[in-house]
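Subject: Structure handover

Hello,

Here is the structure for you to look over. Please open it next to this email.

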Amino acid sequence: MKVDVLLGLQWGDEGKGKVVDVLTPRYDVIARFQGGPNAGHTLEFEGEKYVLRSIPSGIFQGDKINIIGNGVVLDPALFKAEAEALEASGHPLKERLYISKKAHLILPTHRALDAAYEAAKGSGKVGTTGKGIGPTYTDKVNRTGVRVGDILHHFEEKYQAAKARHEAILRSLQYEYDITEAEKEWLSAVEYLKTFNLVDSEHEINRMLKNEKTVLCEGAQGTMLDVDFGSYPFVTSSNTVCAGACTGLGISPNKIGDVYGIMKAYCTRVGSGPFPTELFDETGKKLRDIGHEYGAVTGRERRCGWVDLVALKYAIMVNGVTQLILMKSDVLDTFDTIKACVAYKVNGEIIDYFPYDVTEGVEPVYVELPGWQTDLTKLTDENEFPEEFNAYLDFLEEELETPIKFVSVGPDRKQTIERYTEE
């Protein structure tokens, strides 16, 4: 049995949570393989809106197993708040959520370090969410991290050692902080975390595959934020690409089946870093306003621009994407003209590949397509698509050399149209 992987192809915020929720009925297991509570996956159904930060987006389907994999970094306090809110809204978790013992814990001092490091960078800020993600992954690589499994074995000793190391760094940075209240809340949340199924998730997931269970692996952030292949150094601290599903869950490469790549019909980015197609005019503002482009976790305004096919081709290549999922098509409903970046102009030279450095001197080369001037949110079948929208889909498929399997025409789970279905 093989696993399917679902991940973002841009700079995050592509709509992964909704798609996982839509696809979940086809799978037995949903497994999150990287990232932390800086990633907010928004889902809307039955008139309710939910934002998930650490818990996999398949949690709303009652008969499914959800796994937080070893590649995830987990803040017990934020996890507790998220879990209790879900349980209060009628979604019990304890019998359907597994948490890897090898997932690393975000400590209160990690958050202080995050803020201290950003302050020290001055104008060179990366634009982190301040959730302690980077320092936690740093400890992981430095082999000094505290893992979920440690809360069951010699926890106090390991926690105090990590805290002392962090406080020494904070003193050296002359950064003032106070974690007194946060630490009390965090330690209480650690006790809450002990009430869940803490497992060796690599054994669990491979046993499930051996027993013919279907598994969907859920990524966070987006490909262009990958620590190796993204717009470094303005990236996240984990591997957001398909290979991260292997290292973040303990799955061998030959177990990967379909790779679903999620993209918006336009492009957004939060925080600092290069963004070749960013718009600073009224068009960019219009995209932001219609698309409600504000961070699900941070509330920050997202930077907006036209779709970037150069970056998308790169993301499709490094992930081995087999099927595309197009999100927020309806945001473009009222535009007379739609633009798509098909190449970059760098120092007077036209290139059609994503270069090593996109921080300076990259000018997008656009093609223009006619808008469709139709309210897509009312449509329920691809046969209802206007001619201009079909032309846009055909253009994207030809340029990206990958089929668009699903099209989202609104925020609700029901506003998702599947294409290429067998008669």
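Below are the findings, from the whole protein down to single residues.

First, the ground rules. This is a predicted model, in which local features need pLDDT of at least 70, side-chain atom pairs count only at pLDDT 80 or more, and totals for chains, interfaces and linings use all residues. Residues are numbered from 1 along each chain as its sequence is written, and side-chain values use heavy atoms, with hydrogens and water left out.

Overall build

The protein has 11 helices and 20 strands. Both are DSSP runs numbered from the N terminus: helices are H or I with at least four residues, strands are E with at least two. The radius of gyration is 21 Å, close to the 22 Å from the globule rule for 423 residues, so the protein is as compact as a globular protein of that length. That radius is taken over C-alpha atoms, and the rule is 2.2 Å times the number of residues to the power 0.38. The C-alpha trace spans about 65 × 50 × 40 Å along its principal axes.

Of the 423 residues, 56% count as buried. Buried means under 20% relative accessible area, exposed means over 50%, and partly exposed lies in between (1.4 Å probe, protein chains only). The accessible surface comes to about 17900 Å², and carbon and sulfur atoms hold 48% of it. These areas come from the Shrake-Rupley method with a 1.4 Å probe; for residues, only the protein chains shown count as cover.

Among contacts between residues at least 6 apart in sequence, 76% join residues at least 24 apart. A contact means heavy atoms within 4.5 Å.

On charge, there are 47 positive and 66 negative side chains, and the centres of the two sets lie 6 Å apart. Lys and Arg count as positive, Asp and Glu as negative; His and the chain ends are not counted. Each charge is placed at NZ of Lys, CZ of Arg, CG of Asp or CD of Glu.

Cores

The largest nonpolar core has 59 residues. Such a core is a set of buried Ala, Val, Leu, Ile, Met, Phe, Trp, Tyr and Cys residues joined through side-chain atoms within 4.5 Å. Those with the most contacts inside it are Val5, Cys217, Leu309, Leu326, Leu332, Phe389 and Tyr392. Helix H11 (residues 387-400) gives this core its largest share, six residues. Another core, of 30 residues, lies apart from it; Phe60, Ala83, Leu93 and Val146 are among its members.

Start with Cys217 when you look inside. Leaving aside neighbours within four places in sequence, Cys217 is in contact with Val3, Asp4, Val5, Leu6, Ala31, Phe33, Ala245, Leu249 and Ile251. Val3 belongs to strand S1 (residues 3-8). Val3 is buried, at a relative accessible area of 0%. Residues touched by Val3, beyond four places away in sequence, include Leu209, Val215, Ile251 and Ile256.

Thr268 sits in strand S12 (residues 267-269). Thr268 is buried too, with a relative accessible area of 1%. Beyond four places in sequence, Thr268 touches Trp11, Gly12, Asp13, Phe275, Glu293, Arg302, Arg303 and Cys304.

Backbone points to check

The peptide bond from Tyr232 to Pro233 is cis, with omega near 5°. Pro233 is in the loop between strand S10 (215-218) and helix H8 (243-249).

Arg143 is not a glycine, yet has a positive phi of about 65°. Arg143 lies in the loop between helix H4 (133-141) and helix H5 (155-172). Its relative accessibility is 78%, so Arg143 counts as exposed.

Asn347, also not a glycine, has a positive phi of about 50°. Asn347 is in the loop between strand S16 (337-346) and strand S17 (349-351). With 78% relative accessibility, Asn347 counts as exposed.

Partly exposed sites

Thr195 lies in the loop between helix H6 (180-193) and strand S9 (197-199). Thr195 is partly exposed, at 44%. Thr195 and Lys94 are 101 residues apart in sequence, but 7.8 Å apart in space, C-alpha to C-alpha.

Ala85 is in helix H2 (residues 76-88). Ala85 is partly exposed, with a relative accessible area of 48%.

Best wishes
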